[in-house]
Amino acid sequence: MPIRHCIVHLIDKKPDGSPAVLHARDSELGESQAMENLLADLNQSYNAKQGKAWGLFHEESGAYPFSGWLKQYLDAEQDFTAFSRQAVEHLQKLMEESNLSTGGHVLFAHYQQGMTDYLAIALLHHSEGVTVTDALDVAPAKHLDLGQLHLAARVNLSEWRNNKQSKQYISFIRGKNGKKVSDYFRDFIGCQEGVDAPSETRTLLKAFSDFVESEDLPEEQAREKTNTLVGYATSQARMGEPITLDELSGLIDEDRPKAFYDHIRNKDYGLSPEIPPDKRTLSQFQRFTGRAEGLSISFESHLLGSKIEYDEARDMLIIRQVPTQLRDQLKRRKD
């Protein structure tokens with residue numbers, strides 16, 4: 001993960017309405033193993049966060065100047081240190097306007113992963129701990145607590161610069177339970193939600209269920225393809241990468257790599273070629289199966305409560321919208 005540029009500034013601010021004091025660094029951080037470890041740990045923590053949102057920049061304006069400064073930096077009109085200084089001064093002002101905000105170390109990192117360039121911005125805080133010194137004394141020690149990462153964003157610079165139609169080149173941590181405490185950070189980046197990750201993931205899973213039903217696959221094959229989908233999507237979520245429909249289609253059916261992709265396009269589910277995976281939605285997607293005395297039942301968990309109900313008192317399953325092929329067989333049997 002080559003790091004092109006990286007810098008850390010400090011904003012000293014208490015959540016009591018007191019002024020925010022900026023301690024700005026005047027030069028970039030040099031390359032070091034510690035810096036590489038920090039960025040790797042930051043990415044790991046960020047990718048693991050639940051409830052991230054995906055979106056795009058607001059149009060550049062006085063209220064949302066960040067994208068303009070970023071463009072100037074990428075166009076070599078100013079260096080990385082100057083860009084980060086402008087940005088952190090703007091963040092300082094927004095912090096002062098937000099009574100709930102708390103200061104911390106502000107990290108800006110421009111790095112490359114594969115062929116893609118990213119900009120990571122994160123507000124980092126310390127935790128108190130203890131250490132054993134060289135003299136074998138126990139002493140207090142501070143360390144960056146990346147497990148408590150609440151304000152962070154990542155811009156896919158390559159996507160932003162090369163795909164003007166994209167609405168998901170920025171990801172950011174959404175405030176828990178609709179809390180407004182993180183709104184100032186989102187406004188600092190100047191981003192708006194462009195893609196509803198949970199809704200997109202649910203639509204993808206619905207398209208997959210329809211595909212499996214239309215193919216009339218044996219239970220073992222259906223389970224294998226489900227595991228392939230969930231495994232791939234979960235892996236992408238872990239890396240902070242989107243689900244690519246074309247790639248997923250090839251994994252689901254290697255003999256007919258376009259089958260699932262064509263199914264999505266022909267049925268017009270309205271899915272984008274790339275979908276930000278929602279880990280919570282994926283974790284709820286599993287198949288309930290059972291087989292006994294000539295009876296075999298299998299269905300995705302998301303159907304429970306909608307198309308399928310379980311009456312525990314009477315030990316009964318109630319199925320609505322019986323699959324067409326099964327319904328036709330039952331009708332022929334009745335005739």
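Mentor: Start with Glu-89 and Arg-85, which are four residues apart in helix H3 and therefore separated by about one helical turn. Helices here are DSSP runs of H or I with at least four residues, strands are runs of E with at least two, and both are numbered from the N terminus. This is a predicted model, where local features need pLDDT of at least 70, side-chain atom pairs count only at pLDDT 80 or more, and totals for chains, interfaces and linings use all residues. Residues are numbered from 1 along each chain as its sequence is written, and side-chain values use heavy atoms, with hydrogens and water left out.

Trainee: What do the side chains of Glu-89 and Arg-85 meet in?

Mentor: A salt bridge, 2.9 Å from N to O. The term means a side-chain nitrogen of Lys or Arg within 4 Å of a carboxyl oxygen of Asp or Glu.

Trainee: Is Arg-85 buried or partly exposed?

Mentor: Partly exposed, with a relative accessible area of 37%; Glu-89 is partly exposed too, at 32%. Buried means under 20% relative accessible area, exposed means over 50%, and partly exposed lies in between, using a 1.4 Å probe and protein chains only.

Trainee: How many salt bridges does the structure hold?

Mentor: It holds 13. One of them joins Lys-206 and Asp-210 at 2.7 Å, N to O. These two are four residues apart in helix H6 (residues 197–215), so about one helical turn separates them. Lys-206 is partly exposed at 34%, but Asp-210 is buried at 18%.

Trainee: Which residues are linked in a network of salt bridges?

Mentor: Lys-71, Asp-75 and Arg-161. Between Asp-75 and Lys-71, the closest N and O atoms are 2.8 Å apart.

Trainee: Changing topic, how many aromatic pairs are there?

Mentor: The count is 14, where rings of Phe, Tyr and Trp (its six-membered ring) pair if their centres lie within 6.5 Å; planes under 30 degrees apart are stacked, over 60 edge-to-face, and the rest tilted. Tyr-73 and Phe-83 form a stacked pair, 5.6 Å centre to centre with 10 degrees between the planes. Tyr-73 is in helix H2 (residues 66–74) and Phe-83 in helix H3 (residues 80–97), ten residues apart.

Trainee: And is Phe-83 buried or exposed?

Mentor: Phe-83 is buried at 0% relative accessibility, and Tyr-73 is buried at 9%. Both belong to one aromatic cluster, whose members include Phe-57, Trp-160 and Phe-188.
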